[in-house]
Amino acid sequence: MFDDRDRGAQRREPRRRVWGCAILAAGIIGWLDHTGQLNASDYFRWWPLILIALGLAHLPQKQWVTTVVLCAIGILFLPALPFLPHVRLSMILAVWPLMISVGGVALMQQALRPAAKGARRDNSFHSVAVMGGVGRGVASSDFAGGDAVAVMGGCQINLGAAKITSEAVIDVLAFWGGIEIQVPRGWRIENHILAILGGIVDKTDGNAPAGAPTLIIRGTAIMGGVEIRHPKGV
């Protein structure tokens with residue numbers, strides 16, 4: 001069986017191949033230009049193809065937004081082609097305000113989601129950081145879940161002393177911000193976070209036994225990040 005590190009290496013493999021081919025091609029073109037057999041500038045101007053290839057390399061992981069963005073930027077900087085319409089950089093930059101609307105939709109969606117089953121004030125948490133930082137420690141013996149929102153700020157949630165009887169749910173929204181969730185070893189993590197120009201990093205060891213307590217993390221990371229890891233020194 002593969003652990004999380006093996007799966008992470010498999011996900012990065014297509015991108016490594018793209019960079020490997022790009023570096024190999026650049027070396028060959030540079031050598032041929034040095035020997036006078038071709039003009040390197042005729043080939044190096046096609047560098048945007050690397051971005052398009054990197055975008056397509058994200059397809060196996062179903063990272064649709066990253067694929068579309070990288071391919072769009074690659075097409076934008078491609079040399080003029082008769083079968084492609086001319087795209088101006090200003091047309092791409094004019095779309096960024098829509099990301100604010102996406103963040104609003106994600107926030108409303110999170111607010112409309114039902115609370116974690118069995119959640120009470122003494123076994124759940126609510127953490128909001130707007131242009132600032134918030135740190136929370138949870139030590140409930142019957143942890144049910146909670147929610148964390150980071151807007152141009154950061155949230156740090158320490159669950160190192162918490163216990164789950166069966167299952168807990170945390171809703172997250174990282175919008176131009178970051179959320180760090182520290183979990184004890186032995187928990188099984190289910191990641192249901194959608195990344196839109198953002199990232200999710202799971203640094204847990206992934207060695208949860210069968211029937212282990214399950215923590216479900218769902219939500220959205222928009223130009224922000226969510227990190228899941230074990231507490232330091234544990």
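I began with the term for accessibility: a residue is buried under 20% relative accessible area, exposed over 50%, and partly exposed in between, with a 1.4 Å probe and protein chains only. I noted that this is a predicted model, in which local features need pLDDT of at least 70 and side-chain atom pairs count only at pLDDT 80 or more, while totals for chains, interfaces and linings use all residues. Residues are numbered from 1 along each chain as its sequence is written, and side-chain values use heavy atoms, with hydrogens and water left out.

**Entry 1: the sheet**

I looked up the strands, which are DSSP runs (E, at least two residues; helices are runs of H or I, at least four residues) numbered from the N terminus, and which pair if DSSP finds at least two bridges between them. Five strands form an open sheet in the order 2-4-6-10-8, and their pairing is parallel. Strand 2 (133–137) and strand 8 (199–202) each have a single partner strand, so they stand at the edges with one side left without a neighbour in the sheet. Neighbouring strands of this sheet are turned by 10° against each other on average, direction ignored; the axes behind such angles are lines fitted to C-alpha atoms, for helices over the stretch in contact, and angles run from 0 to 180 degrees between N-to-C directions.

I then followed strand 2 to strand 4 (residues 154–158), to which five bridges join it in parallel. One residue I checked was V134, whose bridge partner in strand 4 is C155.

**Entry 2: the salt bridges**

I next looked for salt bridges (a side-chain nitrogen of Lys or Arg within 4 Å of a carboxyl oxygen of Asp or Glu), and the structure holds six of them.

One of them joins the side chains of D205 and R185 at 2.8 Å, N to O. This pair links distant parts of the chain, 20 residues apart, with D205 in the loop between strand 8 and strand 9 (214–222) and R185 in the loop between strand 6 (178–182) and strand 7 (188–196). D205 has a relative accessible area of 23%, so D205 is partly exposed, and R185, at 45%, also counts as partly exposed.

I also found R188 and E190 meeting through their side chains in a salt bridge of 2.9 Å, N to O. R188 is partly exposed at 38%, and E190 is partly exposed at 21%.

Lastly I looked at E227 and R229, whose side chains form a salt bridge at 3.6 Å, N to O. Here E227 is partly exposed at 23%, whereas R229 is buried at 12%. Salt bridges that share partners join E180, K203, E227 and R229 into one network.
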